[in-house]
Amino acid sequence: MKSNAPILVRCRQILLGSIAYVYKTDYLEHPLANMEIPEEYLWMVIVGFIIAFILSCGIGANDVANSFGTSVGSRVLTLRQACILGSIFEMLGAILIGYRVSDTIRKGIIDVEMYNNGSEKVLMAGNIATLTGSCVWLIAATIMCFPVSTTHSIVGAAIGFSLVAKGASGIKWIKIGFIVGSWFFSPILSGVVSLLTFMFINKMVLQKEKSLESGLMLLPFFYGLTAAINLFSIFYEGSNLLQFDKIPLYGVFVITCGLSLLVAIGVRVFVVPWSRRKITDECNQKIDEKNQEVENATELEQLNDNEDLPDIVFENEVPSKKIRESIKDKPEVVKLFSFLQILTAVFGSFAHGGNDVSNSIGPLVAIWMIAKEGTAMQASSTPLWILVYGGVGIVIGLWIWGRRVIKTVGDDLTKITPSSGFCIELGSALTVLIASNIGIPISTTHCKIGSVVFVGRVRSKENVDWKLFRNIIIAWVVTLPVSGAISALAMLGLQELI
C-alpha cells in the first residue's frame with residue numbers, strides 16, 4: 001500500500017476539492033478534511049463511495065417507479081412532473097427516516113462482532129462486495145425493465161460476501177428469516193390494504209349515482225388520514241438532527257392528531273368548495289366537447305355510407321385491450337381522485353426514500369464508520385450527509401433511467417385509473433412506512449406490485465397481464481442468488497487486495 005500512498009492522497013485531495021467547489025467553502029473547513037483515515041483504508045472508502053453512488057442511481061431508476069408508476073400510468077402526472085416531485089420527497093424521506101433502516105442493513109444482517117478482532121479490513125471489503133453485487137444486478141434488471149427488489153438485492157449480496165469471508169456462521173439467520181418472511185408477507189398485506197380501500201371507495205363513491213358529492217364528503221377524511229400517517233412516521237422516533245427523537249409518545253400523538261385535524265378542516269372549508277366548482281365546470285366543458293364530437297362523427301358516418309371506422313392500433317398493445325378500455329372512472333371521479341393520487345404518490349415517494357436509501361448507504365456507512373472509528377462495531381449513528389449523498393444518487397437515477405420501469409408498473413402490468421391508483425399507493429405506502437418505523441427493510445417493489453395485482457384483479461381477471469407478472473416473479477426469485485453470487489465473486493477478488 002505504501003507505493004500507492006501518493007495516489008490515494010491525491011484522490012483524497014480531489015474528493016475534498018470537489019466538496020469545496022460544491023459547498024463554496026475552503027475544504028479544510030469541511031468536516032471530512034479533519035477525518036483521520038488510515039491510508040490502508042482510504043482506497044476502500046473511495047471505491048465504496050463511487051459504487052454506492054452508482055447503486056443509488058440504480059435504485060432511483062428502478063424503485064422510484066414504485067412511487068410514481070401508477071400516477072404516470074393513470075395520466076394524473078406527466079413523467080416530468082413525477083420526476084420533480086420524486087426528487088423533492090425522495091430526499092426528504094431519506095433525510096427524515098432513512099437512518100432507521102440503514103442501521104438494520106449495516107449491522108442487522110451480518111454478525112459484525114466476528115470482525116472486531118483485527119479483521120476490520122475484511123468487513124470493509126465485504127461491504128464493497130455487497131455494494132458491487134447489488135449494483136450490477138439492479139442495473140441489469142433496469143435495462144430489462146423489470147421492477148426488482150433492491151432490498152432482496154442488498155441482502156443477497158451481503159449473504160454472498162459473508163459466506164466467502166466467514167462461512168455460514170457469519171450470518172444472522174434468524175434476522176434473515178424475519179426479513180425474508182416480510183418479503184412474502186408485505187405484498188399480501190399491501191394488497192389486502194389496497195383492496196379493502198378500493199372496495200370501500202367503490203361502494204361509497206364509484207357506485208353512487210352522485211359520485212362527485214359522495215367523494216367530496218370523504219375528501220377531508222382521505223387527506224386527514226394520509227397526513228396523519230405521514231406525520232406520525234416523521235415524528236415517532238424521528239430525526240435526531242431536528243430533535244424529533246426527544247418528543248414523547250403522547251406528544252407525537254398530539255402533534256399528529258392536531259395537525260391532521262387541521263388538514264381535514266382546511267380541506268373541508270377551502271378544498272371541497274373549490275374542487276366542486278372546478279370539477280363541475282371541467283366536466284360540463286368535456287360534455288359539450290363530447291357532444292360536438294358525436295355530432296361530427298355522425299356526419300362522417302353518414303358520408304361513408306355507415307362504414308365502421310377502423311380501430312386505432314397502439315404499439316405494444318396487450319391482448320386484453322377491450323377489457324382494459326372498459327375499465328374507466330366517471331369524469332368527475334377522475335378529477336376528484338387525481339388530486340388524491342398526487343398526494344398519495346408523494347406519500348409513497350417519501351416512504352420509499354426513507355426505506356430504500358438504506359440499501360445503498362447502509363454498506364457505505366459501515367465502510368465509513370470502520371475507517372473512522374477503527375472498529376467493526378460502528379457505534380455512531382448514520383451521518384446526515386451520507387443520507388443526503390444517497391438521496392442525490394436516487395434523484396439522478398430517476399431522471400436518467402426512471403421511465404423504463406415506470407412504464408412497466410404504470411402501463412404494462414394493469415390498467416390503472418385515478419381511483420384505483422389512489423388505493424394502490426395508499427395501501428403500499430402505508431405498509432412501507434410502518435415497516436420503516438420499526439426498522440424492517442421490506443421491499444417497496446413487492447408492496448406496490450402486490451397492490452397493483454390485487455386491485456387490478458378485483459376489477460377484472462383480464463385486467464392483469466399475467467405473463468408479465470410471471471416474469472416479474474421470476475426476476476424476484478433470482479434476485480437474491482444472483483446478487484449473492486456476484487458479491488461472492490467480488491469478495492474473492494478483493495481478498496487478493498487486502
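The stops below move from helix pairs to individual residues. The model is a predicted one.

**Stop 1: helices α2 and α5**

Begin by selecting residues 39-63, which form helix α2, together with residues 120-143, which form helix α5. Two packed helices are described by the angle between their axes and the distance between the axes. For α2 and α5, the axes come within 9 Å and cross at roughly 25 degrees. Are these two helices roughly parallel or roughly antiparallel to each other? Angles under 35 degrees count as roughly parallel, and α2 and α5 are therefore roughly parallel to each other. The crossing in which α2 passes α5 is left-handed. Colour the residues of this contact by class: 18 are nonpolar, six are polar and three are charged.

Remain with α5 and select A140, which lies in that helix. The relative accessible area of A140 is 29%, so the residue is partly exposed. A140 and G58 are 82 residues apart along the chain, while their C-alpha atoms are separated by 9.3 Å.

**Stop 2: the cysteine C135**

Next, select C135 and display its side chain. Is this residue buried or exposed? C135 has a relative accessible area of 9%, and it counts as buried because the limit for that term is under 20%. A disulfide is a covalent bond between the sulfur atoms of two cysteines. In this model the count of disulfides comes to zero. C135 accordingly takes part in none, and its nearest cysteine sulfur, that of C57, is 8.7 Å away. The distance of 8.7 Å may be compared with the cut-off, since a disulfide requires two cysteine sulfur atoms within 2.5 Å.

**Stop 3: helices α5 and α15**

Keep α5 in view and select residues 466-495, which form helix α15. The axes of α5 and α15 come within 7 Å and cross at roughly 140 degrees. That angle makes α5 oblique to α15. Here α5 passes its partner α15 in a right-handed crossing.

Within α15, select I486. With a relative accessibility of 22%, I486 counts as partly exposed. Which distance separates the C-alpha atoms of I486 and S134? Select both residues: they are 352 residues apart along the chain, and the separation of their C-alpha atoms is 8.0 Å.

**Stop 4: helices α5 and α6**

Now select residues 150-165, which form helix α6, again with α5. These helices pack at an angle of about 140 degrees, and their axes are 8 Å apart. As a result of that angle, α5 is oblique to α6. The crossing of α5 past α6 is right-handed.

On α5, select A125. Its relative accessible area is 0%, so A125 is buried. The line spans 9.7 Å, whereas 40 residues separate A125 and A165 in sequence.

**Stop 5: a salt bridge**

Turn next to charged side chains. How many salt bridges does a search of the whole structure find? The search finds one. Select R276 and E213, whose side chains meet in a salt bridge with an N to O distance of 3.0 Å. R276 belongs to helix α9 (residues 249-303) and E213 to helix α8 (residues 211-235).

**Stop 6: the loop residue I416**

Finally, select I416. Where is this residue placed? I416 is in the loop between α12 (384-412) and α13 (418-437). Its relative accessible area is 3%, so I416 is buried. The C-alpha atoms of I416 and S71 are separated by 8.5 Å, although the two residues are 345 residues apart along the chain.

How values were computed
Residues are numbered from 1 along each chain as its sequence is written. This is a predicted model: local features need pLDDT of at least 70, side-chain atom pairs count only at pLDDT 80 or more; totals for chains, interfaces and linings use all residues. Side-chain values use heavy atoms; hydrogens and water are left out. Buried means under 20% relative accessible area, exposed over 50%, partly exposed in between (1.4 Å probe, protein chains only). Axes are lines fitted to C-alpha atoms, for helices over the stretch in contact, and angles run from 0 to 180 degrees between N-to-C directions. Helices (H or I, at least four residues) and strands (E, at least two) are DSSP runs, numbered from the N terminus. Angles under 35 degrees count as roughly parallel, over 145 as roughly antiparallel, 65 to 115 as roughly perpendicular and the rest as oblique. A crossing is left-handed if the near helix is turned anticlockwise from the far one by less than a right angle, and right-handed if clockwise. Ala, Val, Leu, Ile, Met, Phe, Trp, Tyr, Cys and Pro count as nonpolar, Asp, Glu, Lys and Arg as charged, and the others, Gly among them, as polar. A salt bridge is a side-chain nitrogen of Lys or Arg within 4 Å of a carboxyl oxygen of Asp or Glu.
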